[in-house]
Amino acid sequence: MSSQQQPPTAEGADANAILEPAATRVRDPRSGRSAWMARLIEGGRVEGDTLRFTLKTTRAHSAEDREKLKGGLLRQIEALGWKGQVVIQMSVVDDAPPAATPRPLPGVAPEHRAHDHSHDHGSAHDHGHDHGHAAPAAKKKDPVAGMSGPGMGPHGGPIVKQPLNGVKHIIAVASGKGGVGKSTVATNLAVALARRGLQIGLMDADIYGPSLPLMMGVSGKPFANDDKKIVPLQAHGVKCMSIGFLVDEREPVIWRGPMVMGVVRQFLQEVDWNPLDVLIIDLPPGTGDAQLTMIQAVDLAGALIVTTPQQVAVIDAMRGVEMFRKLNVPVLGVVENMSFLALPDGSVLRPFGRGGGQQTADTFEVPLLAMMPLDEDVREGGDLGKPVALRDDAHGRPWADVGALVAEALGL
Ligand SMILES: Nc1ncnc2c1ncn2[C@@H]1O[C@H](COP(=O)(O)OP(=O)(O)O)[C@@H](O)[C@H]1O
Ligand SMILES: [Mg+2]
């Protein structure tokens, strides 16, 4: 056995450093949320080379649900590099915790809701290979091997990057493909969270198509303060920073590639973000070097994957989820955008097909957070620099709901 396969010296290691990312990636079939968000994991601790925790399910869970949860958790713990034993204590509680009732997804068309509930046992498409519990997790290849990602710490847990001073959580909004509404989600989420009274920053790192200035209705060159930090521009209660503030729109895109790393470091370290509850990063679309470089520069609390319902977007969205997985960034959930168009007569059109968000969520056992309508007011709000999330009407409400879900996922 090579030294890498020895059980780690895990005394004192924080069990939640493994359990949180692992359980974030396992879908609770009852609530449709991650096992972590559904608070199914309790009492995590590391004793010697053994990781112990309690899996707290309810009577509403079937035996099959429990086996799936157990199997999924074991797989994820192993994939995160834990090489010791895992002992799961099962506990079944009487009262369904609040999370056990599936909530309607923000934005879902009424007709679609019924459809979704029929898929409530989302993991019906099983991925098999369940371990028995307490199986020694070992021998799988380091998932990050071959990537220049953050890799594993010496104890087998994910390496924790330096946090950004005064910023509680950094989340990335990503998509495999351009034009799916990533910037629309990022800006509206920022506004929705700010309207909850949180301190929010929005960093537009999309070097190829910065859209924050247009969508937030803010432009100009930011100034430096006395500490020589760049002061972000304010719009709708959000601190904004965009490559668009600094780069001439007419400058050829080819010049921008080499700027990526410098820009990200500058936007993180040299911008006066402090204090923030959440910094939202609008990543460039795709899963190439630019995205990898950015993700590696940041200590991300999680990623939101935006996709449209159609197959061609789904394939790319899945690539996006894979990328975050390999880099040990928890995927907070999938936002399906442009899911349906509600007509005045109450009927619903689905110009982009259906099922893409659910399929991505099921495949990776992450929550489908929302299905957002295709809505002319959303497009118009973006074009006018007045995100629809500023509004309290039927157009703004689904975005407020997404904000509430994300705030909850981050424990805010
Ligand atoms: N739910 C939606 N309803 C209507 N238009 C939308 C919606 N989401 C995005 N759009 C529009 O689609 C276009 C592309 O969206 P954008 O957020 O810029 O995508 P990305 O950042 O993924 O390239 C924009 O004009 C935007 O206003
Ligand atoms: Mg964009």
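I take helix axes as lines fitted to C-alpha atoms over the stretch in contact, with angles running from 0 to 180 degrees between N-to-C directions, and I count angles under 35 degrees as roughly parallel, over 145 as roughly antiparallel, 65 to 115 as roughly perpendicular and the rest as oblique. The model is predicted, and in it local features need pLDDT of at least 70 and side-chain atom pairs count only at pLDDT 80 or more, while totals for chains, interfaces and linings use all residues. Residues are numbered from 1 along each chain as its sequence is written, and chains are lettered from A and ligands numbered from 1 in the order in which they are written.

For contact I required C-beta atoms, placed from the backbone, to lie within 7 Å. On that basis Asn-188, Leu-189, Ala-192 and Leu-193 in H4 meet Trp-399, Ala-400, Val-402, Gly-403, Val-406 and Ala-407 in H12. These residues divide into 8 nonpolar, 2 polar and no charged, where Ala, Val, Leu, Ile, Met, Phe, Trp, Tyr, Cys and Pro count as nonpolar, Asp, Glu, Lys and Arg as charged, and the others, Gly among them, as polar.

I then turned to helix H1 (residues 15–24) and helix H2 (residues 63–79), which pack at an angle of about 125° with their axes 9 Å apart, so that H1 and H2 are oblique to each other. The contact is made by Ile-18, Ala-22 and Ala-23 of H1 with Leu-73, Gln-76 and Ile-77 of H2, and I find 5 nonpolar, 1 polar and no charged residues in it.

**The sheet of 3 strands**

I find an open sheet in the order E1-E2-E3 with mixed pairing, where two strands pair if DSSP finds at least two bridges between them. Strand E1 (41–47) and strand E3 (85–93) stand at the edges with a single partner strand each, so one side of each is left without a neighbour in the sheet. The twist averages 15° from one strand to the next. E1 and strand E2 (residues 50–58) run antiparallel and are joined by 5 bridges, and Glu-42 stands opposite Thr-54 in E2. H1 packs on this sheet and touches E1 and E2, its direction making about 135° with that of E1, whereas H2 touches E2 and E3 and makes about 150° with E2.

**The sheet of 8 strands**

I read the order of this open sheet as E6-E7-E5-E8-E4-E9-E10-E13, with mixed pairing. Its edge strands are strand E6 (233–235) and strand E13 (368–371), each of which pairs on one side only, and the twist averages 25° from one strand to the next. Strand E4 (residues 167–174) and strand E9 (residues 302–307) pair in the parallel sense over 4 bridges, and the bridge partner of Ala-172 in E9 is Ala-303.

**Ligand 1**

Which residues come nearest to ligand 1? Of the 18 residues around ligand 1, they are Gly-181, Lys-182, Ser-183, Thr-184 and Arg-379, with a residue counted as near if its C-beta atom, placed from the backbone, lies within 6 Å. Helix H4 (182–195) and helix H11 (376–384) are the elements that give two or more residues to this shell, and by class the shell has 6 nonpolar, 9 polar and 3 charged residues.

Methods:
Two residues are in contact if their C-beta atoms, placed from the backbone, lie within 7 Å.
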